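These are my notebook entries on one structure. I record what I looked up, entry by entry.

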Amino acid sequence: MSTKTITLGPSQLALEEPMYFRVETEGEIVAGIDVMAGQVHRGMEHLVMKRNLYQNITLLERLCSLCSNSHPSTFCTAVEEIAGIRIPLRAEYLRAIADEIKRISSHLFNSAVIAHITDRASIFKQAMEVREIMQNTKESIYGNRMDLAANCIGGVRYDLTPESAGYLTKQMERMKEPLDELYRLYTTDPALRERSEGVGVLSRQNAVDCGVVGPVARASGIDYDVRKKSPYGAYDRLCFTTAVETAGDVRARIMVRLREAREAVSLIDQCLVAMPAGPVWADALPEIPAGEAIAKSEAPRGELIYYLNTDGTDMPLRLKWRVPSFMNWDALKIMLIGEHIADIPLIVNSIDPCISCTDR
Amino acid sequence: MIDAHENIAKALKCSTGEEVAVTWRLDRKGVATGWCRLREAAGILPAARAVADLKGRLSMVTAYLPEATKHSGVRELAYHFDLDGTTLTIRIQLPPERAQVPSLTPVFRSADWNEREFMELYDIKVTGHPDPRRLFLDESIEPAAFERLIPYSTFSNGASSKALWDRVFADNDHKESP
Amino acid sequence: MKPSHKHLSSQVLRLYRINAGSCNGCDVELAVTASVSRFDVGSLGCSYTENPADAHIVLITGPLTVRVREKVLRCYAEVPEPKIIILVGVCPISGGVFRDSYAVSGPVDRYLPVDVNVPGCPPRPQAVLAGITEAADLWRARQGIAVASPTAVTSACQGQGANGTTGVRGRMRFTAAACVGCRMCEHVCAGGAIRFQEEETGLRFTLWHNTCAFCGMCSHYCPTKALTATDEWQMAHRQEEKYRLVEQGIIPLVPCTGCGVPMLPVAAELLRIVYRGVSRETERLKTLCTECRQKQSIGGLRR
């Protein structure tokens, strides 16, 4: 048995973020793997304790640009829970819209990367072009293609006029067929199918033992979605089916994400219809008493949990979060054993790892 | 809901031998969070077993040096478990000398990274951890980073900003707004 | 061995990307410039390479974490001269919102000779392309190659996006006349981009865009909307201009009409918010300092 250090690093487009792996191989087969993290460690858990609650809304959004909105929205939920603030109904829908828009964009990006890794260049370009509809939507509505700056304590910082709501409706309409087409492509393209079916399998029992979350868990048959288990915001009034598959392979994870992206379009449609008129935030500068709270949400990569402890000032006493990707790295140890080293980038990307989230 | 909460309190008492008082909170959406404290730090391992028997999982671990006990060096660990959508937080306190806690890895695989994460930030020993290496912090950074840094936060945070802003002011000295 | 550059005005310039601990926002947008036809760097005569030995232009994202610093410097060293560095996003330029962390080593220009900066958080692909164009021109100019007039793509990059959006969060604009000096903007700024200086003649406001996260929190919490975001997203600049990318203004002090002591004027916007309008009485009281106002309205000083 020889130990080879394979580095998937900053220079490869396939992995936009630097993460290193030490892989033990028996010939060309993976026998063991160690994940070496910390390249993107910026000391954020320390930084947030030196910033006030307002600064942290912007800071936390930049934990990771793909999950981005989930961080400030969950953080604000924790603050609102401590302060007993009930955000306006309209704000609940606007938060959900922002979250679902990010979900679609994030899942499309991961799907594109997977096509790129499996040398399906035309599918890669197609996914990126479809994603551009979402990027333009974000820029028009929020002013930025990645970081939405949508949240504040007490609600949201943006609103939809009848005009922009109409624009959003049209954009979502434009997404439906392309998403269905991409789902068809990813599940029936013979080359993709061959590379992804039966590859990087995580059984249901292993998934439970590892405590994985998000699409990785749902692709292994675990029916857990925070939007249903611990509803927040508008989700207790929205209708959707949790995307669950049972094969637990790369293909199942691709399918879960593309189904969720399509479901997210429907969720946005529902929000646009159900959203009542009214204010979008509760109070300009609310009083935040001493207290503590837990807030959870379903980020694109899975369950995101925040713990906040306050002391009555506008600086947090203790702020801790755990990102979904953090729970999923361990499962790679099971998924990669026995697989060919050429499949490492594919299997790693199939868990849609967010390194900047993990390293924080 | 109430039955489930009673079961949890019972299971904790059974496994740890302590009378554990759990405070339950329900938010506006009906999502429950439970909060409790164990007297004995070592009790966290049997408590974790009780949670596992109830089909729960470890969600997150928060380590901190509460303001009130900073000068005495008493650290706290809050273990956050998920029980099918309900989050149960179990807190333990660690004495200033020999702050140690048993690893939960025999019960939850996912405790591995959670424990490695706080071990490099706080001076807490996790006994029985299968792989107590650094996780994110570069080797050049002193161990127990949060304990060393916080007293010196005034040193670490001002220098770079000051240097940059000195340049900004210097370069724009004669400028007015357009 | 690279062939002589003198006659290679149409040479494809190769881009090499280094992630120095970024939140992946800028990197995702760079991926867009390699895959989406509207933003393809090919139209600028450039292409991405994964081999540093092949590269001409280095793009760096992220605040340069302690952990990756040495690797980044080694990667950079592998790129042969002549080479140009572009910093993408405010993180490598100033540390951005991560500045002053124990885990952050930057800004990048502490270690490397930076040529072009593209601020943003993250910047639009159009802004990145403008920065790459600047870098390409700089590279060619240094080789003595005549620089072509701006490409069609670059001029198309100015102004609106494809959907005519004007909502892009760009440069911040400060209106001194509306500012009341409450400093809420400075308080909520995660990037540390705003500073106030009390000077003899007035209160000076400075916003440095190279550490601005373009999040608009300052504008959101400004009670009189003295600070607003414009849609000017084209901010790519040469390193020499780095510290001059500011928005400044001075609120001049005015003498109290009662005792003559210099004071900050009360902005009309503030009166509109507090009193829903301006009456003759408020007009008169607003020219008085707090002490004179107390004497006038309640007959004396209450301490």
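**Entry 1: conventions.** I am working with a predicted model, in which local features need pLDDT of at least 70, side-chain atom pairs count only at pLDDT 80 or more, and totals for chains, interfaces and linings use all residues. Residues are numbered from 1 along each chain as its sequence is written, while chains are lettered from A and ligands numbered from 1 in the order in which they are written.

**Entry 2: helix H12 of chain A.** I took helices (H or I, at least four residues) and strands (E, at least two) as DSSP runs, numbered from the N terminus. Helix H12 of chain A covers residues 324-336 and bends by about 35° at Asp330(A); the bend is the angle between axes fitted to the seven residues ending there and the seven starting there. I then looked up burial, where a residue is buried if 20 or more other C-beta atoms lie within 10 Å of its own, exposed if 12 or fewer, and partly exposed in between, with C-beta atoms placed from the backbone. Because 11 of its 13 residues are buried, H12(A) is largely enclosed by the rest of the structure. Among the buried residues I noted Phe326(A), Trp329(A), Leu332(A) and Met335(A).

**Entry 3: a sheet in chain A.** I found an open sheet of 3 strands in chain A, in the order S7-S8-S9 and with antiparallel pairing; two strands pair if DSSP finds at least two bridges between them. Strands S7 (290-299) and S9 (316-322) of chain A are the edge strands, each pairing on one side only. Neighbouring strands of this sheet are turned by 10° against each other on average, direction ignored. The axes are lines fitted to C-alpha atoms, for helices over the stretch in contact, and angles run from 0 to 180 degrees between N-to-C directions. S7(A) and S8(A) (residues 302-311) are joined by 10 bridges and run antiparallel. Lys296(A) stands opposite Ile305(A) in S8(A).

**Entry 4: chain C.** I recorded 10 helices and 13 strands in chain C. Of its 303 residues, 47% count as buried. S7(C) (194-198) pairs with S8(C) (202-208) in the antiparallel sense over 5 bridges, and a hairpin of 3 residues joins S7(C) to S8(C). Gln197(C) stands opposite Arg204(C) in S8(C). By an automatic or database domain assignment, chain C is divided into domain 1 (13-157) and domain 2 (253-303).

**Entry 5: chain A against chain C.** I counted two residues as in contact if their C-beta atoms, placed from the backbone, lie within 7 Å. On this basis, 45 residues of chain A are in contact with 47 residues of chain C. Helices H1 (44-47), H2 (53-61) and H5 (121-142) of chain A each supply at least two residues of the side of chain A that touches chain C. H5(A) gives the most, with 8 residues.

**Entry 6: chain B against chain C.** Here the contact takes 18 residues from chain B and 19 residues from chain C. Helices H4 (145-149) and H5 (153-171) of chain B give two or more residues to the side of chain B that touches chain C. H5(B) gives the most, with 9 residues.
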